[in-house]
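Student: I would like to learn how to read the strands and the core of a model like this one. Could we go through them slowly?

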Amino acid sequence: MSFSAVDHGMMARALELAARGLWTTTPNPRVGCVLVRDGAIVGEGWHEQAGAPHAEVHALRAAGDRARGATAYVTLEPCSHHGRTPPCAEALVAGGVSRVVAAMTDPNPLVSGKGLALLAAAGIETASGLLENEARELNIGFVARMTRGRPWVRLKAAASLDGKTALNNGVSQWITGPAARRDGHAWRARACAILTGIGTVRDDDPQLTVRDVDTPRQPLRVVVDSQLETPLSAKILCGGPVLIAGAVDNEKRANLLRAAGAEVVVLSNPAGKVELQLLLKELARRGVNEVHVEAGFKLNGSLLREGLVDELLLYMAPCLIGDQARGMFNLPELATLDGKRPLQIRDVRQVGEDIRLIARPR
């Protein structure tokens with residue numbers, strides 16, 4: 001189907017609105033809606049947080065009677081099922097719109113296409129696929145969780161130009177500058193969960209909270225800690241929800257961690273380590289769409305080796321640390337370059353004095 005310049009402009013506006021929910025809608029998708037009649041916007045809205053009205057409802061309320069005969073531009077297929085709120089497809093029918101354009105169909109296989117079908121059955125003209133790539137990127141974690149049963153995993157690392165993330169003694173604060181650290185906090189804020197390992201907890205004692213940008217919520221913090229060794233004085237046990245994933249049934253230790261404010265789950269593999277695939281499935285079950293990893297080179301390497309990293313968020317500082325320092329990823333030595341892991345560079349830009357690079361495994 002071909003779309004007009006007006007269609008493109010209005011969907012771009014709907015995506016702009018959807019992005020306002022970047023930090024707040026989890027576990028729901030980020031959705032925007034624009035209602036247009038006679039070439040003018042008569043109502044618009046976005047989904048602000050789970051349990052609150054959806055984007056279409058806000059737009060319909062803003063438009064009132066002017067919604068009759070309007071075109072609705074929605075960044076995601078209107079829902080057709082009763083969740084915490086009534087179906088948006090039914091609200092659009094009741095509002096009297098004559099046309100609905102969705103950027104993409106709902107990735108949930110149990111729902112996909114049903115919202116548009118409900119609208120079409122009511123005599124409303126429907127179309128989808130306008131600015132679909134942009135809409136998909138905005139909800140890439142929701143799409144991942146719905147289609148493959150695990151979240152989108154974004155691995156963040158800060159390194160020197162020679163690829164070193166910490167001295168050999170574990171000291172890593174601070175390689176990059178304040179602008180890069182602030183940017184990193186914005187990426188933390190959009191995530192549903194922040195994942196780290198026991199090594200980082202021991203070496204850096206991080207809080208792993210969002211501090212450098214204003215946010216109405218703190219992501220779940222998750223520690224991969226096979227032996228349940230997280231110190232009871234660790235800063236990560238304060239400031240919001242914490243999940244510790246272990247691999248041993250040490251009830252005494254688990255109870256101490258629970259008393260300190262953590263939730264503990266045991267997800268072991270035959271090697272006595274935390275089964276990372278199972279952990280990601282557990283996070284998906286809890287409604288986690290995007291996981292932001294800030295860990296050491298061992299956990300980073302394990303996630304990469306198991307094919308669980310979807311995106312790399314790398315900050316490169318204009319400095320050199322030396323060959324004996326720790327690298328970004330604990331990966332096996334290659335005998336030939338045929339074994340190298342190809343990446344697709346998605347974005348490169350300067351942030352303060354540092355370079356930020358976003359790449360995805362091919």
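Tutor: Two strands pair if DSSP finds at least two bridges between them, and strands (E, at least two residues) and helices (H or I, at least four) are DSSP runs numbered from the N terminus. This is a predicted model, in which local features need pLDDT of at least 70 and side-chain atom pairs count only at pLDDT 80 or more, while totals for chains, interfaces and linings use all residues. Residues are numbered from 1 along each chain as its sequence is written, and side-chain values use heavy atoms, with hydrogens and water left out.

Student: In which sense do strand 1 and strand 3 pair?

Tutor: Strands of a sheet pair through backbone hydrogen bonds, either parallel or antiparallel. Here strand 1 (residues 32-37) and strand 3 (residues 71-74) are antiparallel, with four bridges, and Val 34 stands opposite Tyr 73 of strand 3.

Student: What is the order of the five strands in the open sheet?

Tutor: The order is 2-1-3-4-5, with mixed pairing; strand 2 (40-46) and strand 5 (125-128) are the edge strands, each pairing on one side only.

Student: Which residues touch the most other members of the largest nonpolar core?

Tutor: A nonpolar core is a set of buried Ala, Val, Leu, Ile, Met, Phe, Trp, Tyr and Cys residues joined through side-chain atoms within 4.5 Å, where buried means under 20% relative accessible area (1.4 Å probe, protein chains only). Among the 40 residues of this core, they are Met 11, Leu 35 and Val 100, and helix 1 (residues 5-18) supplies the largest share, six residues.

How values were computed
Buried means under 20% relative accessible area, exposed over 50%, partly exposed in between (1.4 Å probe, protein chains only).
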